[in-house]
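Subject: Structure handover

Hello,

Please find the structure below, followed by notes on what was found in it.

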Amino acid sequence: MAKRRKFTPKFKAEVVLEALRGETSQAELCRRYNLSENQVSTWKRQLLENAATLFESNRKQSDASTERIVQLEQLAGRLTQAVDIQKKALDWVALNRSEE
């Protein structure tokens, strides 16, 4: 049974970019890297189908991260207020007990 080879995303990108440049034929690339033409075609199709998301994902992740940071800052503010109130209440209780 043949063992399946695993390729890194970097390797796939390099092969596809070389194929898209057209300096070397896809058949030559397949021979050089011992790949099937179907595999290289699949990688090319995946790159071309997902190319637009490469530019969108950073903005979406950034927006989501910014929103999460705002939520966490609000939570931290509310927790800080709660702790301050508890400290004041404990101080008040301690002061009233000492007066008794």
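A residue is called buried under 20% relative accessible area, exposed over 50%, and partly exposed in between. L17, in helix α1, is at 42% relative accessibility and so counts as partly exposed. Please keep in mind throughout that this is a predicted model.

Overall form

The protein has 3 helices and 0 strands, and along the sequence the pattern reads α-α-α. Its radius of gyration is 30 Å, whereas a compact globule of 100 residues would have one near 13 Å. Along the principal axes, the C-alpha atoms fill a box of roughly 95 × 35 × 15 Å. Of the 100 residues, 11% count as buried. The protein exposes about 8,800 Å², and 54% of that area is supplied by carbon and sulfur atoms. Taking contacts between residues at least 6 apart in sequence, 47% join residues at least 24 apart.

Nonpolar patch

L17 is also one of the residues of a nonpolar patch on the surface, together with L20, L47, L48, L54 and F55. Their accessible area comes to about 600 Å² together. Helices α1 and α3 are the elements that give two or more residues to this patch. The largest share, 4 residues, comes from α3.

Aromatic pairs

The count of aromatic pairs is 4. F7 and F11 are stacked, at 5.2 Å centre to centre with 15 degrees between the planes. F7 also pairs with W43, and here the arrangement is edge-to-face: the centres are 5.3 Å apart and the planes make an angle of 75 degrees. F7 sits in the segment before α1 (9-21) and W43 in helix α3 (residues 37-99), so this pair ties together parts that are 36 residues apart in sequence. Ring pairs link F7, F11, Y33 and W43 into a cluster.

Salt bridges

How many salt bridges does the structure hold? There are 3.

- E18 with R32: the closest N and O atoms are 2.5 Å apart. E18 lies in helix α1 and R32 in helix α2 (residues 26-33), so the bridge ties together parts that are 14 residues apart in sequence. E18 is buried, at a relative accessible area of 14%, and R32 is partly exposed, at 41%.
- R31 with E28: the closest N and O atoms are 3.2 Å apart. Both residues belong to helix α2, where a spacing of 3 residues separates them by about one helical turn. R31 is exposed at 58% relative accessibility, and E28 is partly exposed at 32%.
- R45 with E49: the closest N and O atoms are 3.8 Å apart. Both lie in helix α3 with a spacing of 4 residues, about one turn of the helix. R45 is partly exposed at 42% relative accessibility, and E49 is exposed with a relative accessible area of 53%.

Regards

Notes:
Residues are numbered from 1 along each chain as its sequence is written. This is a predicted model: local features need pLDDT of at least 70, side-chain atom pairs count only at pLDDT 80 or more; totals for chains, interfaces and linings use all residues. Side-chain values use heavy atoms; hydrogens and water are left out. Rings of Phe, Tyr and Trp (its six-membered ring) pair if their centres lie within 6.5 Å; planes under 30 degrees apart count as stacked, over 60 as edge-to-face and the rest as tilted. Patches are made of residues with over 30% relative accessible area and no salt bridge: like charges are joined within 9 Å, nonpolar side chains (Val, Leu, Ile, Met, Phe, Trp, Tyr) within 5 Å. Accessible areas come from the Shrake-Rupley method with a 1.4 Å probe; for residues, only the protein chains shown count as cover. A salt bridge is a side-chain nitrogen of Lys or Arg within 4 Å of a carboxyl oxygen of Asp or Glu. Buried means under 20% relative accessible area, exposed over 50%, partly exposed in between (1.4 Å probe, protein chains only). The radius of gyration is taken over C-alpha atoms; the globule rule is 2.2 Å times the number of residues to the power 0.38. Contact means heavy atoms within 4.5 Å.
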